[in-house]
Amino acid sequence: MKDSALSIFSLSALLGVALILSSCGLLSEGAGGSAPPEPQSFSFDGVKLIRPDISDGSDQRTMQQNSYSVSGSSRVLLRFEAFLSKTNTISMANGRKVTVSITTDGSIDPATVQTALLLCPVLTNWMMLATWYKAYPMGNSGTWRSAGGDYDSVGCIAANAHTTNTFQFDVTPWVVSEVIGRNQNLGLILVTHSSSVINILGDQDPSNSPRIGWLKAQ
Amino acid sequence: MRLTILLLAGLLGCEVNAAVVRIGNGDEGSDLEGFTEVTSGPLIETRAEALKLLKSLNVNGVHGLGSLTPEVETSKLYLTKKDSLELGKVDQGSFHVDMKGRVYARTFAEPHAATRFFPVSNSLDHEQLIALHIHEALHRSLPADIRENESIVSEITLAITSPDSSFDRIDKVVSNYIPNEVTLTEARAEPTPLPIPETAKIKKPSEFSYQYRSYLSPNSSSTFVVNSMHVLQTALYPFGTKRFVPGLGFELSLVNTPKQTFMGPLMINVQLKMWSLRQFDIGIWATAELNTLSAKELQSSQYGRDAYHLGISLRKDLPMFSIENILAYTFESTSTQTIGAVPYTYSYGGVVEVSTHPALQLSPFRIGGFLEFLLGDHYEVSGGAFDYNPGRYRLLSGGPEIEYRINSIAFVLSGRFLLNATQDASYDSLGDLLGVGTAQGNITAKVSYYF
């Protein structure tokens, strides 16, 4: 009887210690002796330039380029097409973020880019035949409600950090609410309200293409 | 039984001299003996036996004897109070009179007439009375042109009542006087083959043609802009008969787009043309629209699919008017197109097509038009995170068709316009470049040589 009471006490004590350590994050992923979370980074495969002067959605100038211009009359749609199938690998623990990396060609002062270049959630589904006026060419339902793409102007974000010419955008709120929360991936759009023309490196750039990244859940 | 056989033998012996007679006209007042209806007795019993015999031999199935059984069954029987002597030609034949010239029975040679038996018939035995019932009923049930011919009626009676009678024997005897062709005359009268008119399509089914299609300016929703198309078409029908010809044809096309010109799909079709007994041109076809000869650009587009069709057309040409109805079905299939780095799949559901082509025949012109209804199961575009599927859709098209034909050469000018469609639907939704084409429609000029 005495032994069994002792055993129960020992087990309870062990569980209590484990709970305390867990709440401090000491037993969670990357802590202690386990390996640190592995960073995941994917190039956007859906990269599409839209301009008012290009009405043919299959125009080769609008896709698979080394660079794209972002200006008042030129925007770039971005989408990681397989994102929905990867969301279970995203670690949100400890305030970890999902970020989008955009690299410019350096022709514009980084400080200007950081304030002028905005990344906005798209509100209408689109495909690679999108143009300035149409999200997709089938019928009339594919027409953007606003020429130049339908996006959430309130949800637009500026780069929160940069290293030289690579700018980091924290898209965690969009991922949580749209991609994970609503299970829909309508993508993002790069816009600027500045009069400057910002040249970003495109999806054909081998090492600095637009990317989305996060730390992989263990 | 022996008496019956002798009776029948006597009948055969006299049939050579038999002539057409009228039965029971009651001339000279000799039939005014008075009579009573028979409701029981040997006459009723023998009638029942006659019916049993007719049913056992399935006489109803013999051409020309279909109403014999009802005549035996329903005829009213009367027995006269006095015998009557033979009335010259009226009562010829051993079935009617005895050796002393007394008449056994008489009837009027028309359906549903009564049968009058005379007292002398009481001397006949069962078998003879059975034969007499059948004989009198034959006078009423046979075709009008032979029912009064005593020799024919007697021979058929013999065939039915002889001891070794059978269906085949009765049928053989009856067919000597009522051939099947005669009895089927009415039934066959309508479908008797008529000569095929020279204007019928089946007269010159083989075709070699060229057509030029100019596509209407596509609206902004068009995914594949085509300016024009040249189509070479040939169909040969080396086999078959005058009314039934199978053939094989194909179409080659050259597609002009704003960017370039390239080979379009290859269409191979197996066709069957027929000429119906009701003078309709009937066409049945199965078509494979293959992209194996297409340029890379066409393969990597929403039109880079193989399409398979089945259809039937019915056409009737009248002196001033002609009409052709078409029912066809296109099987579902898919095509893929990679745009940038994203592969897209175009899924085309099955499409039902019904159309009618009425026209006025004002030789050598044929001036008309067409109305076509296309019902597509679905048109879905998917790739990456994108999916577009508006569901079932309809397309209503129409346009003029004018043909000018001189002998074996025909010139056709036609137009195709989209009259009504489900929101978002256009000819693009069909993905059928060689069929209805793209965008909003086209104008076509065609010249054909038929042989």
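Hello everyone, let me start with a crossing: helices α2 and α4 of chain B cross in a right-handed way. Before I go on, please keep in mind that this is a predicted model.

So, who are these two helices? Helix α2 of chain B covers residues 42-56, and helix α4 of chain B covers residues 126-141. They pack at an angle of about 70°, and their axes are 8 Å apart. That angle makes α2(B) and α4(B) roughly perpendicular to each other.

Which residues of α2(B) and α4(B) make the contact? On the α2(B) side you will find B:Pro42, B:Leu43, B:Thr46, B:Arg47, B:Glu49, B:Ala50 and B:Leu53. From α4(B) come B:His126, B:Leu129, B:Ile130, B:His133 and B:Ile134. Sorted by class, that contact of α2(B) with α4(B) has seven nonpolar residues, three polar ones and two charged ones.

Helix α4(B) lies across strands β3 and β4 of chain B, and it runs at about 20° to β3(B). Those two strands belong to an open sheet of four strands in chain B, in the order β1-β2-β4-β3, with mixed pairing. At the edges stand β1 (35-37) and β3 (105-107) of chain B. Each of these edge strands has a single partner, so one side of each is left without a neighbour in the sheet. Going from one strand to the next, the twist averages 25°.

Strand β4 of chain B spans residues 115-117, and three bridges join it to β3(B) in an antiparallel arrangement.

Helix α5 (residues 150-161) and helix α6 (residues 167-177) of chain B pack at an angle of about 170°, with their axes 8 Å apart. With that angle, α5(B) and α6(B) are roughly antiparallel to each other. Helix α5(B) brings B:Ile152, B:Glu155, B:Ile156, B:Ala159 and B:Ile160 to the contact, while α6(B) brings B:Arg169, B:Ile170, B:Val173, B:Val174 and B:Tyr177. Eight residues of this contact are nonpolar, none are polar and two are charged.

One residue of α5 in chain B deserves a stop: B:Thr157. Is B:Thr157 buried or exposed? There are 26 other C-beta atoms within 10 Å of B:Thr157. A residue counts as buried at 20 or more, so B:Thr157 is buried. Its C-alpha atom is separated by 5.6 Å from that of B:His135, although B:Thr157 and B:His135 are 22 residues apart along the chain.

Further along chain B there is a run of paired strands. Strand β15 (residues 351-362) and strand β16 (residues 365-376) of chain B pair in the antiparallel sense over ten bridges. A hairpin of two residues joins β15(B) to β16(B).

Time to bring in chain A. How many helices and strands does chain A have? There are three helices and twelve strands. Of the 218 residues in chain A, buried residues make up 38%. Among contacts in chain A with a separation of 6 or more, 78% are between residues 24 or more positions apart.

Chain A has an open sheet too, with five strands in the order β1-β12-β5-β9-β8 and antiparallel pairing. Its edge strands are β1 (39-43) and β8 (161-163) of chain A, each pairing on one side only. From one strand to the next, the twist averages 25°. Strand β1(A) and strand β12 (residues 211-215) of chain A share five bridges, and A:Ser43 stands opposite A:Arg211 in β12(A).

Last stop: where the chains touch. Chain B gives 17 residues to the contact and chain A gives 25. On the chain B side, β14 (342-348), β17 (379-383) and β18 (386-388) each supply at least two residues. By class, that side of chain B has nine nonpolar residues, seven polar and one charged.

Notes:
Residues are numbered from 1 along each chain as its sequence is written. Chains are lettered from A and ligands numbered from 1 in the order in which they are written. This is a predicted model: local features need pLDDT of at least 70, side-chain atom pairs count only at pLDDT 80 or more; totals for chains, interfaces and linings use all residues. A residue is buried if 20 or more other C-beta atoms lie within 10 Å of its own, exposed if 12 or fewer, and partly exposed in between; C-beta atoms are placed from the backbone. Two residues are in contact if their C-beta atoms, placed from the backbone, lie within 7 Å. Axes are lines fitted to C-alpha atoms, for helices over the stretch in contact, and angles run from 0 to 180 degrees between N-to-C directions. Angles under 35 degrees count as roughly parallel, over 145 as roughly antiparallel, 65 to 115 as roughly perpendicular and the rest as oblique. A crossing is left-handed if the near helix is turned anticlockwise from the far one by less than a right angle, and right-handed if clockwise. Ala, Val, Leu, Ile, Met, Phe, Trp, Tyr, Cys and Pro count as nonpolar, Asp, Glu, Lys and Arg as charged, and the others, Gly among them, as polar. Two strands pair if DSSP finds at least two bridges between them.
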